Amino acid sequence: MSAKVKLPIEVSGETILKAIGLKRVFGKGNAAITALSDVHLEIQAGSMVALKGRSGSGKTTLLNMLSALDEPTEGQVFFQGREITRMSGKERSALRRKEIGLVFQSFGLIPLMNAYENVEFGLRVAGTPVKGNRAAAERALEQVGMKERMKHRPAELSGGEQQRVAIARAIAHEPVLLIADEPTAELDSRMGIQVMRVFRELVNRSGMTVVLTTHDPEIMELVDHVISLEDGTIVLQSNYE
């Protein structure tokens with residue numbers, strides 16, 4: 001058991017992420033492209049939120065702003081009341097290592113390492129104390145239903161199983177926020193639903209907040225809140241239940 005116990009958070013509770021007037025411009029002069037413009041949003045702790053939109057709508061750019069991977073040209077992002085847009089690169093990196101988990105469309109597993117080694121290696125990269133890494137890695141794999149398969153290498157796992165290992169790697173350090181960019185895009189619908197069930201369990205059991213991008217209507221039906229983007233602006237937000 002983890003020494004750090006997280007209690008579930010009511011979806012109607014505190015704001016964990018807040019964006020004010022976000023704008024992101026790539027390039028300069030005549031070559032400048034505005035990827036985001038005047039984006040305002042609030043994401044409540046203990047919820048699962050989907051950013052939806054066509055390719056080029058700005059959802060991945062927005063996700064990068066919210067996860068401190070990129071800086072906006074204008075505007076502010078607050079994470080648990082702290083303005084991450086004012087942090088140095090070193091501070092943002094430390095924030096991601098300790099409090100934010102990242103899952104990408106490509107699983108990003110190391111082929112020569114088995115599932116356990118991939119998760120434990122992620123902990124070492126994050127700088128966690130080696131002494132507790134084994135227990136943390138096994139606990140994360142158990143949370144995503146992969147403890148029985150932890151000695152298998154990626155080539156011996158299905159796409160859904162590989163994505164679950166990638167999720168275990170992202171949550172092994174017990175972040176309060178999980179950011180996932182098109183986490184089901186490489187999976188068939190059955191595997192995609194399995195991954196979404198893993199996310200729902202994380203939200204319900206630990207109070208984690210999950211923010212993901214998708215263009216799959218089935219996935220959008222499984223989240224608490226949907227934010228729709230078109231041409232770099234938010235055009236629709238569903239209300240929290």
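**Group meeting: the sheet and its helices**

Let me begin with helix H1 (residues 59-66), which lies across strand S3 (48-52), strand S7 (177-181), strand S8 (209-214) and S9, and runs at about 155 degrees to S8. Helices (H or I, at least four residues) and strands (E, at least two) are DSSP runs, numbered from the N terminus; contact means heavy atoms within 4.5 Å; axes are lines fitted to C-alpha atoms, for helices over the stretch in contact, with angles from 0 to 180 degrees between N-to-C directions.

This is a predicted model, in which local features need pLDDT of at least 70 and side-chain atom pairs count only at pLDDT 80 or more, while totals for chains, interfaces and linings use all residues. Residues are numbered from 1 along each chain as its sequence is written, and side-chain values use heavy atoms, leaving out hydrogens and water.

The open sheet has six strands in the order S6-S7-S8-S3-S9-S10, with mixed pairing, where two strands pair if DSSP finds at least two bridges between them. S6 (100-103) and S10 stand at the edges with a single partner strand each, so one side of each has no neighbour in the sheet.

Helix H4 (residues 133-143) packs against H5 (residues 159-171) at an angle of about 135 degrees, with the axes 8 Å apart.
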